[in-house]
Amino acid sequence: MSDPVRAAYAAGLAMLARRELSEAQVRERLARREHAAEAIESAVSRLREVGAVDDRRVARNAALTEAKIKSRGRARICRHLQAIGIATDVADEALDEVFGALDESALLERALGRRLRGPAARIRDAAHFRRLLQALVRQGFSPSAVITALKARAKRDVVPEDEPE
């Protein structure tokens, strides 16, 4: 193995020792460090052979973190996986696996609960409803699921007025 390939391989291993990266991220970072294109190809190929780089594992772990820790929906996670260079078919497999094991409505409820913290933990008016809708859709949840959850929450939040005596 030539010296530039060895240097690129060592740099790739060092990157992967700090955090898990997709193959595209490793390629990009090695290129930024001005390794030769041939050396990058050889190094990434070797990293893939030894299992140091595995886009399926990266996609599954990233999707799991985004869903369970950050309470993000399928669409937002899909965009994140594409942004880190995961192929569409690999991203779809990871999303199916992660969301097959999760209750998406409970995930949406948790995300809504985070938005409605504090003493005024209820939907105050139509404008607040719209802001929550927009925020949760940006977070990756489907608009229809968000509307259903918000309407259910709004019904629970209605405080019955005292009846006149």
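Hi everyone, a word on conventions before the tour. Residues are numbered from 1 along each chain as its sequence is written. Because the model is predicted, local features need pLDDT of at least 70 and side-chain atom pairs count only at pLDDT 80 or more, while totals for chains, interfaces and linings use all residues; side-chain values use heavy atoms, with hydrogens and water left out.

Let's start with helix H1, which covers residues 3-18. Helices here are DSSP runs of H or I with at least four residues, strands are E runs of at least two, and both are numbered from the N terminus. The expected span of a helix is 1.5 Å times one less than its number of residues.

Which residues of H1 are buried? They are Val-5, Ala-8, Tyr-9, Ala-11, Gly-12, Met-15 and Leu-16. By buried I mean under 20% relative accessible area, by exposed over 50%, and by partly exposed anything in between, with a 1.4 Å probe and protein chains only. Looking down the axis of H1, the buried residues fall within an arc of 165 degrees, so they line one face of the helix. That arc is taken from the directions from the helix axis to the C-beta atoms. The buried residues of H1 pack against H2 and H3, and the face turned away from them carries exposed Asp-3, Ala-17 and Arg-18.

Arg-46 lies over the face of Tyr-9, 3.9 Å from the ring centre. The rule for a charge over a ring is NZ of Lys or CZ of Arg within 6 Å of the ring centre and within 35 degrees of the ring normal.

Now, salt bridges. The rule is a side-chain nitrogen of Lys or Arg within 4 Å of a carboxyl oxygen of Asp or Glu, and the count comes to ten. Glu-23 takes part in a salt bridge with Arg-27, at 2.7 Å from N to O. Those two residues sit four apart in helix H2 (residues 23-32), so about one helical turn separates them. Glu-23 is buried at 16% relative accessible area, whereas Arg-27 is partly exposed at 21%.

Glu-23 also meets Arg-48 in a salt bridge, at 3.0 Å from N to O. Arg-48 lies in helix H3 (residues 37-49) and Glu-23 in H2, so this pair ties together parts that are 25 residues apart in sequence. Arg-48 is partly exposed, with a relative accessible area of 41%. Through shared partners, salt bridges join Glu-23, Arg-27, Glu-41 and Arg-48 into one network.

Elsewhere, Glu-66 and Arg-72 form a salt bridge at 2.8 Å, N to O. Are these two buried or exposed? Both Glu-66 and Arg-72 are buried.

Last stop, helix H8, residues 126-138, where we find His-128. His-128 is buried, at 7% relative accessible area. Setting aside neighbours within four places in sequence, His-128 is in contact (heavy atoms within 4.5 Å) with Leu-116, Arg-122 and Ile-123. From Ala-127 to Ala-101 is 26 residues in sequence and 34 Å in space, C-alpha to C-alpha.
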